[in-house]
Every structure is written in C-alpha cells, then in structure tokens.
Amino acid sequence: MLASMVTVRYLLTGRYHNSVVSSWLPDYPLVTAMSLPLRKTRVAAPQGCPLTECMAMLRGAWAPNVIWYLSGGPRRFGELRHDIPRISARVLSARLRELETRGVIERRLIDSSPPSAEYDLTTLGHELVPAIKAIVQVGTKLKHSTAKRPR
C-alpha cells in the first residue's frame, strides 16, 4: 500500500527520487502522455466569423421556429402562439423582442380595438429562411432514419 502511494505521488509530482522508489518497487518505466501535433486549419478564417454571426441571429429557444412560421407571411402574437403550441407567452414575447432588436423581424402596430401588433420578417429574416429549411430537411431525414432503426 505504501509503495503504491509513493509510486503515484512520484508519477504525479516527481517529488521522490527514483532511487528511493526503486528500493521498494521494481523498475517501472515512467509513462508520459504524448500529445498529437496540432494541425493547421484548411478553412480560411475571415475577420469576425460569419458562422458565429449567423448563429447569433438564431440563438435562443424557439427563435428558428418563430422565423419559420413568419416565413409564410405576417402573423399576430396569438397566431404565432397557436402555430407553436408548446411555447409560453413569456418566451414568445422575449423571442419576438430579441429578433426585432437583431433586425430579423419587424413589428407593425395595427389600428384596431384592442390594439394589436403584427410581426413580419425583414430582408435579413428572409435570408435566414433557406438555412432553416436546410436544417428542417436534415431533421426530417434524421427522424425517418431513427424511426426505421430497430431498438
């Protein structure tokens, strides 16, 4: 027990001289971890990563869903709530505010009683729709492939 504790301490900290350890234990080679060489990237990294910028537009729970449903045309808050049944009113209003702040959607007040607002995609928001469609296509393929796999 004492010998194994000394060996572990020696291997971790190098505090004990090899001759002290060798008097209790047979010679074991000191194992050192070898790291793999760091490979250089083959992708050019532009200033301010565009992927990070685009994903920042889509961050937040339900943000892609809101953009997806607004791609069909302008919607009011209640209509979006109906389109996305599992989203809470609090989260939906937070996402709408965030997406409006980022310039993805625009809020237009409707002169009605009671007053209401209508949300629509901006030009930037429409540019995000093909990316979300691609994610939907991959998700559909994954859903079908996992449904076919035996459990």
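Me: Where does Thr122 lie?
Reply: Thr122 sits in the loop between β3 (116-121) and α7 (123-148). Helices (H or I, at least four residues) and strands (E, at least two) are DSSP runs, numbered from the N terminus.

Me: Before going on, what kind of model is this?
Reply: This is a predicted model, in which local features need pLDDT of at least 70, side-chain atom pairs count only at pLDDT 80 or more, and totals for chains, interfaces and linings use all residues. Residues are numbered from 1 along each chain as its sequence is written, and side-chain values use heavy atoms, with hydrogens and water left out.

Me: Back to Thr122. What does its side chain reach?
Reply: The backbone oxygen of Gly103, at 2.6 Å. A polar contact is a pair of N or O atoms within 3.5 Å; within protein, one must be able to donate a hydrogen and the other to accept it, and residues adjacent in sequence count only if both atoms are side-chain atoms.

Me: And which residues does Thr122 touch, not counting those up to four places away in sequence?
Reply: Gly103, Val104, Ile105 and Glu106. Contact here means heavy atoms within 4.5 Å.

Me: What stands opposite Ile105?
Reply: Leu121, in β3. β2 and β3 run antiparallel and are joined by six bridges; two strands pair if DSSP finds at least two bridges between them.

Me: What order do the strands have in the sheet?
Reply: The open sheet of three strands is ordered β1-β3-β2, with antiparallel pairing. Its edge strands are β1 (75-76) and β2 (105-110), each pairing on one side only.

Me: Which helix lies across β1, β2 and β3?
Reply: That is α4 (residues 63-70), which runs at about 90 degrees to β3. Axes are lines fitted to C-alpha atoms, for helices over the stretch in contact, and angles run from 0 to 180 degrees between N-to-C directions.

Me: Now Ala61. Why does it count as partly exposed?
Reply: Because its relative accessibility is 43%. Buried means under 20% relative accessible area, exposed over 50%, partly exposed in between (1.4 Å probe, protein chains only).

Me: Where is Ala61, and what is it in contact with, leaving aside neighbours within four places?
Reply: Ala61 lies in the loop between α3 (50-58) and α4, and is in contact with Val91 and Arg95.

Me: Whole protein, then: how many helices and strands?
Reply: Seven helices and three strands, running α-α-α-α-β-α-α-β-β-α from the N terminus. Of the 151 residues, 21% are buried.
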